[in-house]
Amino acid sequence: MKTRFIRAITLGSLFSAVAASAQTQAPTAPAVKKGSVMTVQASGTFDVKVKPLPEDEKVAGLKVGRLSIDKEWKGDMVGTSKGEMMTTGGETEGSGGYVAVEAMDVSIKGRKGTFTLMHHATMRANADFKMLINVVPDSGTGDLKGIGGELTIIIEGKNHSYKFDYTLPEAK
């Protein structure tokens, strides 16, 4: 019962903090050509389904919740992703963090392939929220081979959107 409570508090608090920090996100970056690599921004919306995963062997003293993540991406990036998230809460309600790995199967502005995102986020009682979501180096396949970049998630109410600043070798 306590684990379910920690999962709900941590996940809800993290999503609320993302919404509160949405106004402090980086400004939109224009496409810039640098040699054979393009720096571009993709944006759009996504739908997400998060489900608790069964508890497995616990590490003594570590309070974690595990969740599956399923997303449908729309806009400049179209496709699906699946991932797994681990959450933890602090002693103070509203403080916590999460890490996640997310496998992307998408088309970005017409270029199709797969890559992996790594999430890392911490929050101190809704006052200090930090989220970093980066492409795992050398994880791109197909037309997305060589992709790198950082994704920003914006939550406003029940609506989820993204900005994805990425680099990608020019199409041949």
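Me: In β4, which residue is the bridge partner of R66?

Reply: A bridge is read as a pair of residues facing each other across two strands. In this predicted model, R66 has M86 of β4 as its bridge partner.

Me: How many bridges join β3 to β4, and in what direction do the strands run?

Reply: The strands β3 and β4 run antiparallel and are joined by 9 bridges. A hairpin of 1 residue leads from β3 to β4.

Me: Which residues have the most contacts inside the largest nonpolar core?

Reply: A core is read from its members and from the elements that supply them. The largest nonpolar core here comprises 29 residues, and M77, I108, F115, I147, L151 and F164 have the most contacts inside it. Elements giving two or more residues to this core include β3 (65-75), β4 (77-89), β5 (96-108) and β6 (111-124). The largest share, 5 residues, is from β5.

Me: With which residues is F115 in contact, leaving aside its neighbours within four places in sequence?

Reply: With those neighbours set aside, F115 is in contact with residues including M77, I108, I147 and F164. Further contacts of F115 include E102, A103, M104, V106 and V135, together with S139, G140 and L144.

Conventions:
Residues numbered from 1 in each chain as written. Predicted model: local features only at pLDDT ≥ 70, side-chain atom pairs only at ≥ 80, totals over all residues. Heavy atoms only, no water. Core = buried A, V, L, I, M, F, W, Y, C linked by side-chain atoms within 4.5 Å. Buried < 20%, exposed > 50% of the residue type's maximum accessible area, 1.4 Å probe, protein only. Helix = DSSP H or I, 4+ residues; strand = E, 2+ residues; numbered from the N terminus. Contact = heavy atoms within 4.5 Å. Pairing = 2+ DSSP bridges.
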